[in-house]
Amino acid sequence: MKDYNKNLFKRKLCLFLLMSVFLFISNSVRAENYPYRSDYLWVTVPDHPDWLYETGEKATVEIQLYKYGVPCDCMLDYYLSDDMQEPDKKGSVKLENGRAKLSIGTRQKPGFRDLTLNFSDNGTVVSHHVKVGFSVNKLVPYTQEPSDFMTFWNSNINEMRKMPLRYTKELAKEYCTDKIDCYLIKLLIDKEGHSMYGYLFYPKDAKAGSCPAVLCPPGAGVKTIKEPLRHKYYAENGFVRFEIEIHGLDPRLPKATFDDLSHAFNANNGGYLENGVDHRDRYYMKHVYLGLIRCIDLLASLPEWDGRNMAVQGGSQGGALALVTAGLDKRITQCVVNHPALSDMCAYMDKGRTGGYPHFNKMDNVLTPNNAKTLSYYDVVNFARHVVSPVYMTWGYNDNTCPPTTSYVVWNTLKCKKESLITPINEHWTSDATEFGQMQWIKSHLLK
């Protein structure tokens, strides 16, 4: 009996050790140390914990650099610039025990300063940057609103609606689960034949009048709808969610086909975002903006919609399109935005100012007075002036795609109820936890 108990104990101990190893491996896959699989770790700490200063106030940044977790004693090259501008100062700083403090000066006008750091290690250059802001709540747009801005858009919306709502709906079994159903939609936008595809998600067995609706426009590019089930928690929490593309391309096409299309039509001097920019009626984004309203028409026609709550949510270009939708359509009751693109795009025409994505200043002969007139009808700051629904907006400071300058310009322009989540260290990304929190924000702001 003693031998049996002894052997049983050994078997249990082996099983415990095997499970421990399995759990260790599983947890190691899920949670790896920062930075992700890099030999180098940068830590930059401004002397104001919120990374914000007043104009004329000097900022100091503590710099730390580690290799394999060991402090580096070395020389670093640094460059200072205004947000998205060329460097105006450079120098070197010595790290002792992996640390140094560097005064990066100030700004006399509202905006951001960018500190870029380079470390050369046996032929490998490792870079890092950090931006701090000065009097950011005083940032105002360069872009002015045309006198006939809303007349132009309302007239085009009315013209579009002369055509009946038309779409096809096909069950997408590959994205259905035990909790949600998914359909592939092809929505006709206008009589010219423009269309949009999207995946429409429902809670399983949704009842009539039971679901708030959410439109999710895409980020920039010619690409498929990436990971449609990534935000399945919307439908699992009772929402109807419509995740769309904007180019009229079936998301089931092979990736190689999307790559070919992108190279053919989106790689030359701005691609579709520059296409037709010489005239407001020919600009590519006209049918895109009108298509957003058509998407809301579709959602509002669904018997499952609760008849009250119509949200829009997106990031980057999708964040821009979320604000466009909210500015044009008063049915929007909640608007969630990450680092919006297409914002104050022509600000670069005023020397030294920072403009928004797609950074037309880097393209040949785009920022002309005539093109700027067209872009004023499509710039997000002019739609932000007309948003009345509550807005929840998030952005980071280290973003070089949609810079913090233009995010603040949009934020300062909004006159509606608004809440922000500012994540200074973020570049052009949001975490899964942040995006899940946005769904929770919409849910907590539903109209009863």
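At what angle do helix α2 and helix α5 pack, and how far apart are their axes? In this predicted model, helix α2 (residues 149–160) packs against helix α5 (residues 285–301) at an angle of about 60°, and their axes are 10 Å apart. That angle makes α2 oblique to α5.

**Helices α2 and α5**

- Two packed helices are described by the angle between their axes and by the distance between the axes.
- The crossing in which α2 passes α5 is right-handed.
- On the α2 side, the contact is made by W153, N156, I157 and M160.
- On the α5 side, K286, Y289, L290, I293, R294 and D297 make the contact.
- Sorted by class, the residues of the contact of α2 with α5 are six nonpolar, one polar and three charged.

**Helices α5 and α6**

- Helix α5 also packs with helix α6 (residues 317–328), at an angle of about 65° and with the axes 10 Å apart.
- Here too the crossing is described by its hand: α5 passes α6 in a right-handed crossing.
- From α5, the residues in this contact are M285, V288, Y289, L292, I293 and I296.
- From α6, they are Q317, L321, V324, T325 and L328.
- The contact of α5 with α6 has nine nonpolar and two polar residues, and no charged ones.
- Y289 and I293 of α5 take part in the contact with α2 and also in the contact with α6.

**The largest pocket**

- Rolling a probe the size of a water molecule over the atoms shows where empty space is left.
- The largest pocket holds about 840 Å³ of space.
- Its lining consists of 32 residues, and P218, G219, K223, R230 and G315 lie nearest the centre of the pocket.
- Two or more lining residues come from each of β14 (240–244), β15 (305–315) and α10 (432–444).
- Strand β15 gives the most to the lining, with three residues.
- By class, the lining has 10 nonpolar, 14 polar and eight charged residues.

**The loop between β16 and α7**

- Y357 and P358 are joined by a cis peptide bond, with omega about 20°.
- P358 is placed in the loop between β16 (334–338) and α7 (369–376).
- D344 is also found in the loop between β16 and α7.
- The phi of D344 is positive, about 50°, although D344 is not a glycine.

How values were computed: Residues numbered from 1 in each chain as written. Predicted model: local features only at pLDDT ≥ 70, side-chain atom pairs only at ≥ 80, totals over all residues. Heavy atoms only, no water. Axes fitted to C-alpha atoms, helices over the stretch in contact; angles between N-to-C directions. Helix = DSSP H or I, 4+ residues; strand = E, 2+ residues; numbered from the N terminus. Parallel < 35°, antiparallel > 145°, perpendicular 65-115°, else oblique. Left-handed = near helix turned anticlockwise from the far one by under 90°. Contact = heavy atoms within 4.5 Å. Nonpolar A, V, L, I, M, F, W, Y, C, P; charged D, E, K, R; others polar. 1 Å grid on protein atoms, 1.4 Å probe; cavity = no way out; pocket = protein on both sides within 12 Å on 5 of 7 lines; lining within 4 Å. Points joined across faces, edges and corners; volume = space filled by probe spheres on them.
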